[in-house]
Amino acid sequence: MNTWIQQLGQAGIRFFQRVGRAFLFLIKVLMSVPASLLRFNLLVQQLYYVGVLSMLIIVVSGLFVGMVLGLQGYNTLVDFGAEESLSVMVALSLVRELGPVVAGLLFAGRAGSALTAEIGLMKSTEQLSGMEMMAVDPVSRVIAPRFLAGLISMPLLAAMFSAVGVLGGYFVGVGLLGLDDGAFWSQLQSKVDFQGDILNGVIKSIVFGLVISWIALFEGYDTVPTSEGVGRATTRTVVHSALAILGLDFILTALMFDE
Amino acid sequence: MTAGIEYKNREQPERSLVKVRQMTFRRGSRTIFDEIDLDIPVGKVTAIMGPSGTGKTTLLRLIGGQLRPDSGTIHVDGDNVSELSRRSLFKLRKRMGMLFQSGALLTDLSVFDNVAFPLREHTDLPETIIHHLVLMKLNSVGLRGAYRLMPNELSGGMARRVALARTIALDPMMIMYDEPFAGQDPISMGVLVKLIKLLNATLDMTSIVVSHDIHETTSIADYIYILSEGKVVGFGTPQEIEESESAQVQQFMQGLADGPVPFHYPAPDFKTELFGLGG
Ligand SMILES: Nc1ncnc2c1ncn2[C@@H]1O[C@H](COP(=O)(O)OP(=O)(O)O)[C@@H](O)[C@H]1O
Ligand SMILES: [Mg+2]
């Protein structure tokens with residue numbers, strides 16, 4: 001009985017200690033970000049690893065999600081004779097929700113897990129300690145450029161996801177189901193609002209980018225430096241990122257679209 | 001404890017670069033160091049030996065300021081390491097190198113860029129001079145020809161030599177070697193022994209070598225400390241250590257399975273455990 005309560009207490013303390021470390025880590029990273037802007041080549045390199053290498057999966061998934069939306073949307077809308085609005089339905093679903101959320105989930109699986117594994121391995125092979133002993137701060141040299149790259153890549157990838165998704169909807173709606181080409185685009189142009197829809201979607205994707213990069217880098221930096229520890233940290237990155245994305249999406253949606 | 005007294009009474013003409021006084025360090029409830037005193041004389045090779053898990057790596061991290069003692073002091077070249085600001089600590093670290101057990105080469109950089117790393121981070125030298133310096137440092141560890149290779153293309157011994165070249169890139173006053181011989185074949189071991197000796201003599205450095213390879217270590221060390229269970233149990237020149245009458249020192253030096261460090265991990269009486277399960 002006593003030990004059970006003790007264990008619960010210990011788990012609670014460990015949890016809050018970890019949360020504390022995560023916030024201290026974020027503050028340290030944010031403080032090193034300006035300096036890492038100056039080291040432009042490091043940033044460009046990370047943009048390639050974090051952003052460019054995630055593009056393929058984002059584009060392919062965006063296309064399929066858009067095509068499915070086209071098919072499903074058409075089947076529903078045609079009952080009401082509203083199939084002309086297919087483009088609006090596809091675009092709004094993508095820009096407001098699926099773009100940021102699905103791109104975020106994919107980004108966490110592709111780039112987030114890779115970041116955790118990379119940093120975790122650097123820690124377990126003493127590369128981070130080694131840097132510290134060479135009087136180089138690993139947070140500004142290694143972590144900050146990756147964080148910034150994640151922050152920049154995520155909104156761009158989400159935008160790409162939505163754009164390709166709309167094209168997917170277009171292939172299905174206009175190419176396959178014979179909707180009018182002009183109506184598709186003009187409906188889309190008149191009904192999708194820049195500020196209300198697109199900007200809010202971009203804000204979501206920036207928030208997701210920040211959270212995913214933070215979780216991924218913290219998990220790597222805080223990992224137990226063994227191969228088992230790195231494996232677990234990688235899994236945690238994906239799970240926690242996914243939960244954070246979905247939870248935050250609900251909160252952000254409630255705040256943004258509540259009129 | 002006995003060794004501490006023995007040590008304090010010694011004539012000690014050399015200046016100490018590192019002075020550890022009454023230093024205690026704990027991890028959780030476990031005391032890794034219990035009020036130890038230790039001196040690293042300038043310009044010499046000092047070996048720190050002891051069974052695995054006694055805290056040899058921990059000691060190097062304490063000296064390098066990555067960990068703080070719970071009590072007591074550690075002075076390096078006159079500065080109290082645990083009281084330095086981050087900036088001063090980094091300044092001090094530029095003057096001390098540490099060779100990690102694994103080499104700790106940056107895996108995404110080539111051999112050349114690894115050795116150039118501290119130069120690029122800490123100096124504004126033009127690229128041509130960095131190039132010359134890097135090749136010089138690599139040449140001094142015999143790996144000038146390998147500058148294009150990536151760390152994963154190096155053997156364990158080569159990786160350690162590259163790490164050594166990187167450590168001497170900024171011409172430190174002191175190098176700490178963490179088990180430089182562990183897991184090396186006899187030839188690499190010979191090369192490393194020779195390099196440590198040579199660098200210490202030619203670059204006028206102070207070296208701390210952490211190791212449990214008795215033969216290699218006694219062949220290069222000027223002084224040896226033996227640590228066990230949080231204490232310094234032996235100190236002296238290699239010859240003094242070999243002739244020491246301390247049971248702990250003899251167990252370690254001769255590799256005896258049982259002695260002051262028992263063969264059995266602490267356990268209840270075997271008979272009771274086998275037959276007394278009901279109780
Ligand atoms: N990060 C750490 N957290 C908790 N305990 C540690 C950590 N690093 C080392 N230890 C423990 O401290 C003791 C000393 O470790 P270490 O200095 O690596 O020993 P050595 O280098 O002499 O083999 C070991 O018992 C080890 O389990
Ligand atoms: Mg060790």
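Let's start in chain B of this predicted model, where strand β3 (residues 45-49) and strand β9 (residues 223-228) run parallel and are joined by four bridges. To find your place in this pair, look for Ile48(B), which sits opposite Tyr225(B) of β9(B).

From here, step back to take in the whole sheet. Six strands of chain B form an open sheet in the order β6-β7-β8-β3-β9-β10, and their pairing is mixed. At the edges are β6 (96-99) and β10 (231-236) of chain B; each has a single partner strand, so one side of each has no neighbour in the sheet. From one strand to the next, the twist averages 15 degrees.

Next, turn to ligand 1. The residues surrounding it include Arg27(B), Arg30(B) and Ile32(B), as well as the run Ser52(B), Gly53(B), Thr54(B), Gly55(B), Lys56(B), Thr57(B) and Thr58(B). By class, this shell has six polar residues, three charged and one nonpolar. Both β2 (30-41) and α2 (56-63) of chain B supply at least two residues of the shell, and α2(B) gives the largest share, with three residues.

Which atoms of the protein lie 3.0 Å and 2.7 Å from oxygen atoms of ligand 1? They are polar backbone atoms, of Gly55(B) at 3.0 Å and of Lys56(B) at 2.7 Å. With Thr57(B) the side chain takes part: one of its N or O atoms is 2.6 Å from an oxygen atom of ligand 1. Taken on its own, ligand 1 has 560 Å² of accessible area, of which the protein covers 56%.

How values were computed:
Residues numbered from 1 in each chain as written. Chains lettered and ligands numbered in written order. Predicted model: local features only at pLDDT ≥ 70, side-chain atom pairs only at ≥ 80, totals over all residues. Heavy atoms only, no water. Pairing = 2+ DSSP bridges. Axes fitted to C-alpha atoms, helices over the stretch in contact; angles between N-to-C directions. Near = heavy atom within 4 Å. Polar contact = N/O pair within 3.5 Å; in protein donor to acceptor, adjacent residues only side chain to side chain. Areas by Shrake-Rupley, 256 points an atom, 1.4 Å probe, with all protein chains shown as cover. Nonpolar A, V, L, I, M, F, W, Y, C, P; charged D, E, K, R; others polar.
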